[in-house]
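Biologist: Before I rely on any of the labels attached to this model, I would like to hear how each one was reached. Could we go through them one at a time, setting each value against its cut-off?

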Amino acid sequence: MKAVAFDTPGGPEVLNVVDLPDPEVGQGEVLIRVQTAAVSPTDTMRRAGARTEGKEGPFVPGMDVAGIIEAIDADANTDLTVGEKVMAIVVPDGAHGAYAQRVVVPIDSVVRMPEGATFAEACTLPMNGLTARLALDTLDLPEGSTLVVTGAAGVLGGYVIQLAKADGLVVMADTSDADDELVLSLGADIVKLRGETFPDAVRTEFPKGVDAVVDAAVLEDDILPAVKDGGTVITIRGAKGERDRGVTFQPIWVANYAKERAKLDALRQQVEDGVLTLRVADVLQMEDAAEAHRKMEAGGIRGRIVLEFGDIPWA
């Protein structure tokens with residue numbers, strides 16, 4: 001099969017289309033013929049060297065796929081069938097990643113695509129949707145609690161806003177002037193200009209601070225003043241520990257939800273119900289993966305860039 005991989009970490013130029021052995025279905029697994037794979041900041045970080053230390057390439061990035069089931073372990077307990085359109089979260093490891101024409105994943109990492117969604121749209125949901133769900137589950141805030149979402153115009157931030165509103169939370173979000181309309185359309189109750197004045201703006205709206213923050217923009221200590229005494233900041237790059245005023249930085253890792261099939265299927269249902277909005281910024285062919293990474297790292301993307309594999313001849 002063809003895959004997009006790199007041997008040595010570096011800039012986008014290290015990504016190349018390579019030939020790799022076809023994966024085979026193991027116990028409790030599903031083989032997916034990949035049609036699309038989403039490009040995320042996690043992928044660009046891995047390409048630059050994250051979690052590759054002491055390991056040998058090739059490394060295949062990617063955590064989200066949509067495609068068609070090609071094979072299922074005969075003993076797997078599932079109602080999925082060969083030929084169905086599905087989406088899945090992939091936990092990359094070495095040459096195992098989403099940027100490939102075929103990928104094998106645990107049965108509990110796969111669900112049907114949302115009805116009416118394209119392959120490009122469906123692949124934008126699993127990893128970021130589950131990350132957003134994990135963030136809110138970790139906080140476990142009661143209905144009516146106050147939540148700040150940073151990086152609100154991004155895909156993760158957008159999913160957090162929509163899920164938080166569905167959970168009955170009051171959401172304040174940061175945004176640029178150009179993104180006000182987008183973030184409000186996602187359901188945020190209050191939007192204020194991002195930057196160094198944002199925590200003060202939060203305190204103006206909520207004098208004691210908000211109950212919690214989901215820090216999709218990785219502001220970390222810069223967002224601390226917005227949180228009430230004893231509150232929580234969910235972090236996505238590993239920041240942890242107690243800060244001033246008893247505020248806790250709580251990291252989350254989406255790999256912990258990679259086999260939460262019921263939660264992924266609930267996200268599918270929320271797309272079909274109109275609770276969640278799937279956003280595709282651009283669709284490129286797999287040979288253009290380096291360009292996709294350049295665009296991602298340049299910033300300003302409002303939606304996911306998607307790599308397409310379905311129209312490329314099979315090896």
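Biologist: Why is Thr 52 called buried?

Modeller: Please keep in mind that this is a predicted model. Thr 52 has a relative accessibility of 7%, and buried means under 20%, so Thr 52 counts as buried. Thr 52 belongs to the loop between helix H1 (41–47) and strand S4 (64–72), and, leaving aside residues up to four places away in sequence, Thr 52 touches Phe 6, Pro 9, Arg 46 and Phe 59.

Biologist: What does the side chain of Thr 52 reach at 2.7 Å?

Modeller: The side chain of Thr 52 reaches the backbone oxygen of Gly 49 at that distance, 2.7 Å, and the cut-off for a polar contact is 3.5 Å.

Biologist: Is Thr 150 buried or exposed, and how do you know?

Modeller: Because the relative accessibility of Thr 150 is 0%, Thr 150 counts as buried, the limit being under 20%. Thr 150 is part of strand S8 (residues 146–150), and its contacts beyond four places in sequence include Asp 174, Val 214 and Ile 223.

Biologist: What makes the link between the side chains of Thr 150 and Asp 215 a polar contact?

Modeller: The two side chains come to 2.7 Å, which is to be set against a limit of 3.5 Å between N or O atoms; the pair is therefore listed as a polar contact.

Biologist: Why is strand S6 described as largely enclosed by the rest of the structure?

Modeller: Strand S6 (residues 102–106) has five residues, and four of the five are buried, so the strand is described as largely enclosed by the rest of the structure.

Biologist: How do you know that strand S3 and S6 pair?

Modeller: Pairing needs at least two bridges, and strand S3 (residues 29–39) and S6 have five, running in the antiparallel sense. In one of these places, Val 30 has Val 105 of S6 as its bridge partner.

Biologist: What makes S10 and S13 the edge strands?

Modeller: The open sheet has seven strands in the order S10-S9-S8-S11-S12-S14-S13, with mixed pairing. Strand S10 (190–193) and strand S13 (241–242) are its edge strands, as each pairs on one side only. Strand S9 (residues 170–175) pairs with S10 in the parallel sense over four bridges, and Ala 173 stands opposite Val 191 in S10.

Biologist: How many cavities of 30 Å³ or more does the search find?

Modeller: The search of the whole structure finds one. The largest cavity has a volume of about 40 Å³, and its lining divides into three nonpolar, four polar and one charged residue, with Tyr 159, Gln 162 and Arg 279 among them.

How values were computed:
Residues numbered from 1 in each chain as written. Predicted model: local features only at pLDDT ≥ 70, side-chain atom pairs only at ≥ 80, totals over all residues. Heavy atoms only, no water. 1 Å grid on protein atoms, 1.4 Å probe; cavity = no way out; pocket = protein on both sides within 12 Å on 5 of 7 lines; lining within 4 Å. Points joined across faces, edges and corners; volume = space filled by probe spheres on them. Nonpolar A, V, L, I, M, F, W, Y, C, P; charged D, E, K, R; others polar. Helix = DSSP H or I, 4+ residues; strand = E, 2+ residues; numbered from the N terminus. Buried < 20%, exposed > 50% of the residue type's maximum accessible area, 1.4 Å probe, protein only. Polar contact = N/O pair within 3.5 Å; in protein donor to acceptor, adjacent residues only side chain to side chain. Contact = heavy atoms within 4.5 Å.
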